[in-house]
Amino acid sequence: MASAPSSTAPSPGTPGAPGAVHLPDTARDLVKILVAGPFGVGKTTLIDSVSEIRPLHTEEPLSEASAQVDDLAGVRDKSTTTVAVDFGRLTLPGNVVLYLFGTPGQSRFRELWNDIAHGALGALVLVDSRRLDASFDVLGLVEESGLPYAVAFNDFPDAPRHYGEERLRRALDLEPQTPMVTCDARNANSSIDALLALVDHLIGRGPVAAR
Ligand SMILES: Nc1nc2c(ncn2[C@@H]2O[C@H](COP(=O)(O)OP(=O)(O)OP(=O)(O)O)[C@@H](O)[C@H]2O)c(=O)[nH]1
Ligand SMILES: [Mg+2]
């Protein structure tokens, strides 16, 4: 599978470094991006690892009732879930500023999705290759909303390694031009590379009107 161009995380003391709250004057393009995916795929983790401001989270403890609805397979240790949205900010080289909105991908959140997707230019869809079917809902939502997107396969230790890119593309019914990368959401550079793959894709499509 193609991996995204390599990146370097901003180092402390530079605009966009962790703790830099105010946008530098050089900020050029402000872009709203969705970080979407099924339950427990790593949306909150990814926004945490790349955000240069203290991220906003809406985490609540998982309840017995939610365990009936959202399958804990693969994420048994998980004790909280995002009940609305995650928010973070990342300045890329070239002073493009990404506003990152983490959003649940289950179809039952369609209304929330429509609200959060408003004004977004693209989506990074996180996929857990151990449970591909869990991503069908979010891929449906992203296709419905017409947002360009890239797919990042989150690197869990027991993820199957034998699927080739073409098999994964077929299983998820992705267009040939949809970027596919792997990423470890816990790692800032890896997550930034996944976001860069999306930004490259957006740039390659030419000017995009906000949805
Ligand atoms: N090994 C590995 N673990 C990960 C990765 N991304 C996330 N995790 C772990 O997976 C669990 C779920 O991550 P979250 O970031 O809470 O997932 P989420 O998509 O925000 O979950 P919800 O908001 O509940 O849908 C956490 O325990 C993370 O540490 C990854 O890339 N690799
Ligand atoms: Mg979350």
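Visitor: How far is an oxygen atom of ligand 1 from a polar backbone atom of Gly40?

Guide: The separation is 3.0 Å, between an oxygen atom of ligand 1 and a polar backbone atom of Gly40. This is a predicted model, in which local features need pLDDT of at least 70 and side-chain atom pairs count only at pLDDT 80 or more, whereas totals for chains, interfaces and linings use all residues. Residues are numbered from 1 along each chain as its sequence is written, chains are lettered from A and ligands numbered from 1 in the order written, and side-chain values use heavy atoms, without hydrogens or water.

One lies 2.4 Å from a side-chain N or O atom of Thr45, and one lies 2.8 Å from a backbone N or O atom of Ala185. Alone, ligand 1 exposes 660 Å², of which the protein buries 84% (Shrake-Rupley accessible areas, 1.4 Å probe).

Around ligand 1 there are 19 residues, of which Lys43, Thr44, Thr45, Thr81 and Asn154 come nearest (a residue is near with a heavy atom within 4 Å). H1 contributes the most to this shell, with 3 residues. Helices are DSSP runs of H or I with at least four residues, and strands are E runs of at least two, numbered from the N terminus.

H1 (residues 43-50) also packs against H6 (residues 188-204), at about 105 degrees with axes 9 Å apart. The two helices are therefore roughly perpendicular, the term for angles of 65 to 115 degrees. Leu46, Ser49 and Val50 of H1 meet Ala188, Ser191, Ile192 and Leu195 of H6 (contact: heavy atoms within 4.5 Å).

Asp184 sits in the loop between strand S8 (180-183) and H6. Its side chain makes a polar contact of 2.7 Å with that of Arg186. Beyond its neighbours within four places in sequence, Asp184 touches Asn154, Asp155, Ser190 and Ser191.

Notes:
Axes fitted to C-alpha atoms, helices over the stretch in contact; angles between N-to-C directions. Parallel < 35°, antiparallel > 145°, perpendicular 65-115°, else oblique. Polar contact = N/O pair within 3.5 Å; in protein donor to acceptor, adjacent residues only side chain to side chain.
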